[in-house]
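Subject: Structure handover

Hello,

Please find the structure below. My notes on it follow, residue by residue where that helps.

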Amino acid sequence: IFEKDSTVNCTAEVLYHLGNKNAAPDVQFTIEGELKNTDEADNLFYNRIKSLKNELVAENIPDSYGNVPPEMEPIRALAWAASGYVIWKNSNENTKYQLAQIKHVKQVKRSDEYLEFDYMILLHENVSQEIIPWQMTVLWHPQHGIEVTQNSRQPKHV
Amino acid sequence: MKLILIFSALFGAALCLETFVGHQVLRIKIKNEEQVRKLQFLETLEHLKLDFWRDPTKPGHPSDLRVPFPSLQAVKIFLESHGIPYSIMIKDVQQLLDEEKKIMLLSKEQERSTSTFDFASYHTLDEIYSWLDTLVANHPGLVSKIQIGESYEKRPLYVLKFSTGGSNRPAIWLDTGIHSREWVTQATGVWTANKLAEDYGRDPSITAILDSMDIFFEIVTNPDGYAFTHSSNRLWRKTRSINAGSSCIGVDPNRNWDAGFGGSGSSSSPCSETYRGPYAHSESEVKSIVDFILGHGNVKALISIHSYSQMLMFPYGYKSEPAPDFQELNELAEKAVNDLAAVYGTKYTYGSIIDTIYVASGTTVDWAYENGVKYSYTFELRDTGRYGFLLPSSQIIPTATETWPALLDIMLHVQQHPY
């Protein structure tokens, strides 16, 4: 799993529905050991965004050269997690999706304690080689976790 | 007031550059002792400001003399009237100096380029094309640049030829950047070409290979696409050819080859990333390579480099039937990926295209194999999806460095197994 200095093994059983092609695959997984505790980093990020005067806006993460500014790493991690949900919902045995890039991200102001981000991401599908724009609305709170409240495939830019 | 005086004095001194305009260097053929004495006398005439480059010593030994323009006539009359034969070695000393200066400046620029070319960053098409010339200039006698054709948008398609001589020696073909968004491949191509040039004569393997074979290396195989990834869409894959009757542009150059062309591993839709094109070899970027390889007639290996996925593959992509040389190709692939992993631990999978990745029709590698090129391989370099096409430039050199032993394994095997 995605962490710089530590590797955690994860085994998963993925069942593709041959009958219903539109159903997301069944996934049963086991994580060997424990995932690193990120409470401190989560709270730091949460407070930083909460205290912003203006809503966060960013684009092209990573940029053309693969660079991700350090302060954008959590934004990227959030997108990675959220896209995992989108990918899971849209996978079948003939697809292999990866998050290619965050084209655009905009924070949406909320009156409650959650952070909300409106993402436009690009998914790379490895079999067709297509780059698919996808919109997703992501809700997050350090203690309550992540939720993708809305997501939709976007038309490809010709 | 004093300041102005000082400045003007310095200014004057700075402008007082000695010039050799019109000065000539004469080669004087001394026939006897008397002529030696006459020349020695000439030397004493200080007002002539003569500069002997080679002193008059004895008969049979020429003397070289630089004569300032104002003294030319006098000196020539002196020599002629005394029957001393001479010839003009340098007609205008200043001209020679100016040319020399130009050459020095040029080589300084080139020196700057080779030592300042940053292999650890991504470059524009112009920068890479200009670097090709630098490489050739720095390794004359080993590397030359040839043009095999033009892209759709009329950009030159350049191939570097590495050769130590011979006539139509068995050759290895390498290409990077056929899919323009795979930036780590063009970058690896530049590093690798440089490595080939630098290591010839130093590394025994490369020396053995280049002493009996030629290497042809096309670094930017899809220049139109590459330019487009810089100017407009970083994730552009295909060529930039216009498709009749469609607003969608481009053909997948790795589905356009005449091997299983039109099969299920490619698309018939111009808007698709795997669009095969209207017919096989419709793309000039592809046709140019086809013509080159067939025209050459002695290409023994082809390695086409892509990213990403970390795989090393060989034919077939368009059918599941194993290639006749499957076993040998598979064993060599295994050795290569093991040697690659030995560098930084990067894990590659390997096998035929259809087994390892997916069905793909009309690929470079399948075409080469079916046209007499037994050792046809395709690499998918780093990574496995974390950055994908947007691989950070900090990974360029590690990627190139680890891929090098794998390339060497294949090339050595080819060299040691002539067919």
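Ser83(A) sits in helix H2 of chain A, which covers residues 73-89. Is Ser83(A) buried or exposed? It is buried, since its relative accessible area is 2% and the cut-off for buried is under 20%. Leaving out residues up to four places away in sequence, Ser83(A) touches Leu99(A), Ile121(A), Leu123(A) and Met136(A).

Keep in mind that this is a predicted model. The scores are ipTM 0.93 and pTM 0.80. For chain B, the mean pLDDT is 92. In that chain, 93% of the residues reach 70 or more.

Surface of chain A

The patch has an area of about 550 Å². Its members are Val14(A), Tyr16(A), Val27(A), Phe29(A), Tyr85(A) and Trp88(A). Take Val27(A), which lies in strand E2 of chain A. Its relative accessibility is 35%, so Val27(A) counts as partly exposed.

Salt bridges

How many salt bridges does the structure hold over all chains? The count is 21. In general, side chains of opposite charge can pair when their charged atoms come close.

Start with Glu55(A) and Lys109(A). Their side chains form a salt bridge at 3.5 Å, N to O. This pair links distant parts of the chain, 54 residues apart. Glu55(A) is in the loop between helix H1 (39-50) and strand E3 (57-61) of chain A. Lys109(A) is in the loop between strand E4 (97-108) and strand E5 (115-125) of chain A. Glu55(A) is partly exposed at 34% relative accessible area. Lys109(A) is exposed, with a value of 64%.

Now a pair within a helix. Lys38(B) and Glu34(B) meet in a salt bridge at 2.6 Å, N to O. Both belong to helix H2 of chain B, residues 33-44. They are 4 residues apart there, so about one helical turn separates them. Lys38(B) is partly exposed, with a relative accessible area of 22%. Glu34(B) is partly exposed too, with 45%.

Another bridge in chain B joins Arg155(B) to Glu153(B). The closest N and O atoms of this pair are 2.7 Å apart. Arg155(B) counts as partly exposed at 25% relative accessibility. Glu153(B) is partly exposed, with a relative accessible area of 38%. Elsewhere, salt bridges that share partners join Arg110(A), Asp112(A) and Glu116(A) into one network.

Chain B: the annotated domain

An unreviewed UniProt entry places "domain: Peptidase M14" at residues 121-414 of chain B. That span is 37% helix and 17% strand. Its end C-alpha atoms lie 32 Å apart.

Which residue does UniProt list for "active site"? The unreviewed entry gives Glu380(B). Glu380(B) is found in strand E12 of chain B, residues 375-381. Its relative accessible area is 10%, so Glu380(B) is buried. Not counting residues up to four places away in sequence, Glu380(B) touches His306(B), Ser307(B), Tyr308(B), Ser309(B), Gln310(B), Met311(B), Met313(B), Tyr348(B) and Ile357(B). Please treat the annotation with care, as UniProt annotations may be inferred rather than shown by experiment.

One more residue in chain B: Ala171(B). It is found in strand E7, residues 171-176. Ala171(B) is buried, with a relative accessible area of 0%. What is Ala171(B) in contact with, leaving aside its neighbours within four places in sequence? The partners are Met213(B), Asp214(B), Phe216(B), His296(B), Asn298(B), Val299(B), Lys300(B) and Ala301(B). Gln40(B) is another matter. Ala171(B) and Gln40(B) are 64 Å apart in space, C-alpha to C-alpha. In sequence, 131 residues separate them.

Best regards

Key
Residues are numbered from 1 along each chain as its sequence is written. Chains are lettered from A and ligands numbered from 1 in the order in which they are written. This is a predicted model: local features need pLDDT of at least 70, side-chain atom pairs count only at pLDDT 80 or more; totals for chains, interfaces and linings use all residues. Side-chain values use heavy atoms; hydrogens and water are left out. A salt bridge is a side-chain nitrogen of Lys or Arg within 4 Å of a carboxyl oxygen of Asp or Glu. Helices (H or I, at least four residues) and strands (E, at least two) are DSSP runs, numbered from the N terminus. Buried means under 20% relative accessible area, exposed over 50%, partly exposed in between (1.4 Å probe, protein chains only). pLDDT is the predictor's confidence in each residue, from 0 to 100. Contact means heavy atoms within 4.5 Å. Patches are made of residues with over 30% relative accessible area and no salt bridge: like charges are joined within 9 Å, nonpolar side chains (Val, Leu, Ile, Met, Phe, Trp, Tyr) within 5 Å. Accessible areas come from the Shrake-Rupley method with a 1.4 Å probe; for residues, only the protein chains shown count as cover.
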